[in-house]
Amino acid sequence: MLKVKVNDIDLEIEEGLTVLQACEQAGAEIPRFCYHEKLSIAGNCRMCLVEMEKSPKPIASCAMPAFDGMKIKTNTPLVEKARKGVMEFLLANHPLDCPVCDQGGECDLQDQSMFYGIDKSRFKENKREVPEKYMGPLIKTQMTRCIHCTRCIRFAQEIAGIDEIGAIGRGEDMQITTYLEKTMESELSANVVDLCPVGALTSKPYVFEARPWELKKTESIDVMDAIGSNIRVDTYGWEVKRILPRINENINEEWISDKTRYACDGLKNQRIDTPLIKTNNTYEKIEWNNAFNKIFEKIKSTPSNKIAGLTGDLTNMETLFIVKEFFNKIIKSKNLDCRSENIYVNTNDRKNYIFNTPLNRIEESDLIILVGANPRFEATILNLKIRQSYIKNKTEIYSFGDVGELTYPYKIIKNKTDIIREIIEDKHDLSLAIKNSKKPIIILGQSLLKIKSSKYVFNEIKKYLKKNNKINEDWQSLNVLSNNASTVGSYDLDINNSENFDSTVLSKIQNNEFDIIFLFGQDNLKFKKKNEFVVYIGSHGDNGAEIADLILPGSAYTEQDGYYTNLEGKIQKAYRASYPPGEAKEDWKIINELSSFIKGKNLFINKKDLDESMLQYLKLKKTKKFNDILDNQFQSEDILVDHFDYYYSNVIARASLTMTQCRNEKLKLNKTGTEG
Amino acid sequence: MSIKKISKIQPNNFEFNDENFTLAEKFISNYPKGKQKSAVMALLYIAQKQNNNWIPLSAMKYIANFLKISYIKVYEVATFYSMYNLTPVGKYFIQVCTTTPCMIRGAYKLVEACKEKISKDEKKLSSTSDSSWIEVECLGACVNAPVVQINDDYYEDLNKEKMIKILDKIKKNEKIQPGSYRGRKNSEPENGRKALIRT
């Protein structure tokens, strides 16, 4: 511990802190532009100057390590003068275009010049003008505003792992650019917009949309992937204008992926705002009551074992729970599942389907093996954590099969199940590596759980890790990477009602064995429709609505309160930021009203009742012990990692124009000129 | 100084020739293992020497792959230093010093001569495209101001007429004599050495 004095306040700080951090602990605010907690120290904006005893000149506090007996002053005339001077230089070339700048109102430079700057300019010369740079469909540049803090360069290099942004030229003429003005090829690229302390890098889809003080801010949870990033939803009236990250050190720190941030314009397009019924191959508007009546009639005339339901990838847990109750109590059918693909899962033990290593402890790992997973696209934040682990302790990373660029080096192992058997039988080099590793992480992707011998592979890996004491109180090495926000929640609520962990409901649906199929926001189902009556309850007109005979308009994740369990098994609540469009209703309400139409009685009195029942269910949940018959069904086959269409992975993203642009940019598709 | 422009005409390919390849390896071996990227400046210089005194983008890419660093890192270095030429220059590359001592001694007259004889604008090839000129900051030979650097040699104590003569010779591809053009030896006083003489 070091003893430091800041503004006559004595304090003890840990070793290795900088003067700036010490000042913060003493409660003294230090203005800064280039310094950022998560990035390396650059020390080039000079805004954080403070006075140190025995130093003739002020020191840059962000770059100066604190030492014992240091006496710092942050409120002297010298410091004030130094800050004013720095501010004047920064503003010398900064345009006075705050009224037309998108950063206005949330601009570090604006705020700090109000506090620490001087009120008039002495700069009579011409201001420097810098040409705009193209950085892709997400980042709008106005480089004249740049103050060369280099946060974006450091972010790209250190966090995103793509060395594509740099500073060319020098001195006054230094310019920030991507190499030859190419698009930033990262799923985290838009975080530079948040990092930029001025309006040089702003959000392209949000350009001139709103001022920060006009927006209603709602803290919520993201559903674009299973990470459950903490977000803030900014709305103007009904419209979701933008989505920003919220700091949660245990999950997403302060970054979010581009899809999380920019798929929100998909909430405006392709919406279903009224109940629709299919007659003669066209959809016609229908009253809610008539729609319910139609379902009632259908259900009455169909035996309950001929009715099936599939829940979707964005469905919140309340809806899942009420759907489950609806199937149990009203329809009295067990044909309910959450899987749109044949994925092996053993729900006896919660550890079988969650990501057991806490996200904030991944960086402690010393060996990471990816089996059938591409974390970069399936869970971008997870990929970032793996990269942090690699940077921190040069973690050895292996992957079954080549999954493309992951922003860190990894060794490729042949993508054969035979290799897994060799490892389990201690015949492979990797066996030794696993045994020697103190904190290994094995990540099993959804692609692995889809293959024929997934049951064998999963259970054998688990057995092997247990045998070698890699699954213990302190460290859980077996991890399942789920791709969807609702996956873990669905398993927690036992939506997969089938007896032997296989998705029998799905195969029966695909064999056209049912007469009525309910799709609760399920858009990824691949099946050929015959004579089934399909009811789609969801927010967007997509694959699900296309095959439906009756469409009931539901809500998206920003339009209703809802719990989501992320891949680690953390339950978080997303709050309502907007309201459903047109005649659309919150999902749980639709099921509740439908039940009351059929049975004359609501399933739940109100939302609170539903929430409490659901949480109670999770609390009292008794694991049903199914016998997981472990026949030695080993099969030699390839572990193919599915191509994961990052920008088109769910209904909201598919409806989003921004995501389409990003996807086209990625596919290097030329514009056809007809997109409007 | 403004930002350096990249040439619009770019060769598709660049590779070190055998001699430069070994030279590059030698420069890399000067640095500890894993710090090979420190050799980027030396390698850019070698590439510039090999490619008629300018560095094309393909050479930057080649060097980036050679040192296993990203393209932008090489690009940053190449745009930072003024002595890397990113556009084609003439066979005779004339750098006129216009920093204060040379300026006082009439460097702008030399610039005039260049404008008349080579091209109106700096960094632009002459009509025969064998020479180009550029204004540079201090060449460090203020004692012999005004100074001009043509390729690797200094031409000192010039005035406009002498400069024109040199440029005429260049045009005819004749050999030119480096050094002082007022008969001085190095930077000794004109009327003989006054100090450090053995008595």
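Colleague: How many helices and strands does the secondary structure of chain B come to?

Modeller: Happy to walk through it, with the reminder that this is a predicted model. Chain B has 7 helices and 5 strands.

Colleague: And which pattern does chain B follow along the sequence?

Modeller: Reading along the sequence gives α-α-α-α-β-α-α-β-β-β-α-β.

Colleague: Now for chain A. Why can it be called as compact as a globular protein of that length?

Modeller: The idea is to set the radius of gyration against what the globule rule gives for the chain length. Chain A, with its 21 helices and 26 strands, has a radius of gyration of 28 Å, close to the 26 Å from the rule for 676 residues, so chain A is as compact as a globular protein of that length.

Colleague: What share of the residues in chain A is buried?

Modeller: A residue counts as buried when 20 or more other C-beta atoms lie within 10 Å of its own. In chain A, 49% of the 676 residues are buried; in chain B, 30% of the 199 residues are.

Colleague: Which share of contacts in chain A joins residues 24 or more positions apart?

Modeller: Taking contacts with a separation of 6 or more, 68% in chain A are of that kind. For chain B, with residues at least 6 apart, 61% join residues at least 24 apart.

Methods. Residues numbered from 1 in each chain as written. Chains lettered and ligands numbered in written order. Predicted model: local features only at pLDDT ≥ 70, side-chain atom pairs only at ≥ 80, totals over all residues. Helix = DSSP H or I, 4+ residues; strand = E, 2+ residues; numbered from the N terminus. Rg over C-alpha atoms; globule rule 2.2 N^0.38 Å. Buried ≥ 20, exposed ≤ 12 C-beta atoms within 10 Å, placed from the backbone. Contact = placed C-beta atoms within 7 Å.
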